[in-house]
Amino acid sequence: MRTDDWHLTDDLDEFVARAGDFLRSRPALHNTQLTVLERLRTRRSNACGAETAVFGLLESGGAVRAAFYRLASQRVTLTPLTAEQADTLAARLARLGRPLPLSGVTADHDTATTFAEAWQRHAGAAAVAHWRGRLYRLGKLTPPEPHPDGRARAAGPEDHERVIRWCNEFAAGVGEAPALNADSWSDSRFADKHFTFWEASDGTPLSMAGSTAMVGGMVRVDPVYTPGRLRGHGYAGAVTAWVSRVALAAGATDVVLFTNPANPTSNALYPRIGYVPVADFTGYQFSEDAPRADHPGAEQS
């Protein structure tokens with residue numbers, strides 16, 4: 001296979017079998033791909049886009065060098081690409097029909113920008129940046145000092161209503177549609193996560209952190225949320241440190257999270273407890289009149 005040959009398939013199992021080792025070779029950088037593919041594999045859910053999915057990988061010398069997927073949202077998610085690889089992929093996708101509908105792209109900043117420019121050349125669609133995120137990976141965990149009052153507690157079935165409410169409030173705060181309820185929960189991006197509260201001594205929840213199941217040795221902390229009236233007391237740092245410690249104790253080699261690069265609070269908080277920046281990511285919408293919103297969808301302290 002030549003270096004410019006992208007292999008496309010709609011077969012999830014084939015894609016995971018061929019690209020899995022490559023994605024697991026850099027679990028922090030590929031954290032989104034690993035978690036989304038695991039959700040697709042375990043749910044086999046049309047809501048996740050299985051029936052309209054397109055997967056692709058680039059091979060050279062018998063090894064996978066890059067990969068992408070495009071699900072029901074029609075957004076393409078890419079691993080890091082060179083400018084030549086991005087241009088070749090855009091040209092290939094543009095030749096698939098009218099072209100293959102793409103609503104946007106998400107990747108590390110350089111890859112996303114290069115692909116957006118290539119898509120405009122090949123498909124004639126304008127690109128507008130609408131999401132920015134900074135990926136952090138845990139180095140040496142340093143729990144916050146002084147330690148805020150309270151303790152960590154895993155959320156149970158009795159907390160489900162509060163978890164849904166706080167996920168809705170989190171979504172509204174980062175520009176997502178807060179439309180979760182008991183009926184829609186199972187198909188949401190939050191449903192597969194484990195939730196932990198930081199609670200007061202009387203049992204009142206003060207802050208919440210979600211975390212993904214471990215995939216390829218990686219756990220992503222997502223989301224982190226504290227109601228506005230309770231912020232500024234260190235609860236977000238405490239609950240994040242706790243779920244990070246739990247992930248390490250379970251054998252995770254990579255514990256990661258995303259922040260909004262424009263949020264000075266979170267970008268000061270997480271380095272204090274041991275998180276180190278890895279890369280900046282950008283999402284573009286392919287639309288003539290797409291609204292711009294510079295927020296990530298992964299954290300709100």
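Student: Why does F258 count as buried?

Tutor: F258 has a relative accessibility of 5%. Buried means under 20% relative accessible area, so F258 counts as buried. Please bear in mind that the model is predicted.

Student: Why does F281 count as buried?

Tutor: The relative accessibility of F281 is 9%. The limit is under 20%, so F281 counts as buried.

Student: What makes the pair of F258 and F281 edge-to-face?

Tutor: The ring centres of F258 and F281 are 5.4 Å apart and the planes stand at 90°. Rings pair if their centres lie within 6.5 Å, and planes over 60 degrees apart count as edge-to-face; the pair is therefore edge-to-face. F258 lies in strand β11 (residues 254-259) and F281 in strand β12, so the pair ties together parts that are 23 residues apart in sequence.

Student: Why is the pair of W119 and F286 called stacked?

Tutor: Here the ring centres are 6.1 Å apart and the planes of W119 and F286 make an angle of 25°. The centres lie within 6.5 Å, and planes under 30 degrees apart count as stacked, so the pair is stacked. W119 belongs to helix α4 and F286 to strand β12, and the pair links parts of the chain that are 167 residues apart. Both W119 and F286 are buried. The structure holds 13 aromatic pairs, and F170, W185, F190 and F195 form one aromatic cluster.

Student: Which residues have the most contacts inside the largest nonpolar core?

Tutor: They are F68, L78, L93, V105, F115, W119 and F286, in a core of 27 residues. Among the elements that each supply at least two residues of this core are β3 (63-70), α3 (83-94), α4 (109-123) and β12 (275-286). In soluble globular proteins, nonpolar side chains tend to be buried together.

Student: Which residues is F68 in contact with, leaving aside its neighbours within four places in sequence?

Tutor: F68 is in contact with W6, L8, F15, V54, F55, G56, V76, T77, L78, L89 and L93.

Student: How many bridges join β5 to β12, and how many join strand β6 to β12?

Tutor: Five bridges join β5 to β12, and these strands run antiparallel; G104 stands opposite Q285 in β12. Eleven bridges join strand β6 (residues 127-138) to β12, again in an antiparallel arrangement. R132 has T282 as its bridge partner in β12.

Student: What makes the contact of E199 with R151 a salt bridge?

Tutor: The closest N and O atoms of E199 and R151 are 3.1 Å apart. A salt bridge requires the side-chain nitrogen to be within 4 Å of the carboxyl oxygen, so the contact qualifies. E199 lies in strand β8 (residues 194-199) and R151 in strand β7 (residues 151-154), so the pair ties together parts that are 48 residues apart in sequence.

Student: Are E199 and R151 buried or partly exposed?

Tutor: E199, at 4% relative accessibility, counts as buried. R151 has a relative accessible area of 40%, and is therefore partly exposed.

Student: What span does helix α6 reach, and what is expected?

Tutor: Helix α6 (residues 235-249) has 15 residues and reaches 21 Å from its first C-alpha to its last, close to the 21 Å expected at 1.5 Å a residue. Its buried residues include Y235, A238, V239, V243 and A247. Just after α6, G251 takes a positive phi of about 105°.

Key
Residues numbered from 1 in each chain as written. Predicted model: local features only at pLDDT ≥ 70, side-chain atom pairs only at ≥ 80, totals over all residues. Heavy atoms only, no water. Core = buried A, V, L, I, M, F, W, Y, C linked by side-chain atoms within 4.5 Å. Buried < 20%, exposed > 50% of the residue type's maximum accessible area, 1.4 Å probe, protein only. Helix = DSSP H or I, 4+ residues; strand = E, 2+ residues; numbered from the N terminus. Contact = heavy atoms within 4.5 Å. Expected span 1.5 Å × (residues − 1). Phe/Tyr/Trp six-rings, centres within 6.5 Å; stacked < 30°, edge-to-face > 60°. Pairing = 2+ DSSP bridges.
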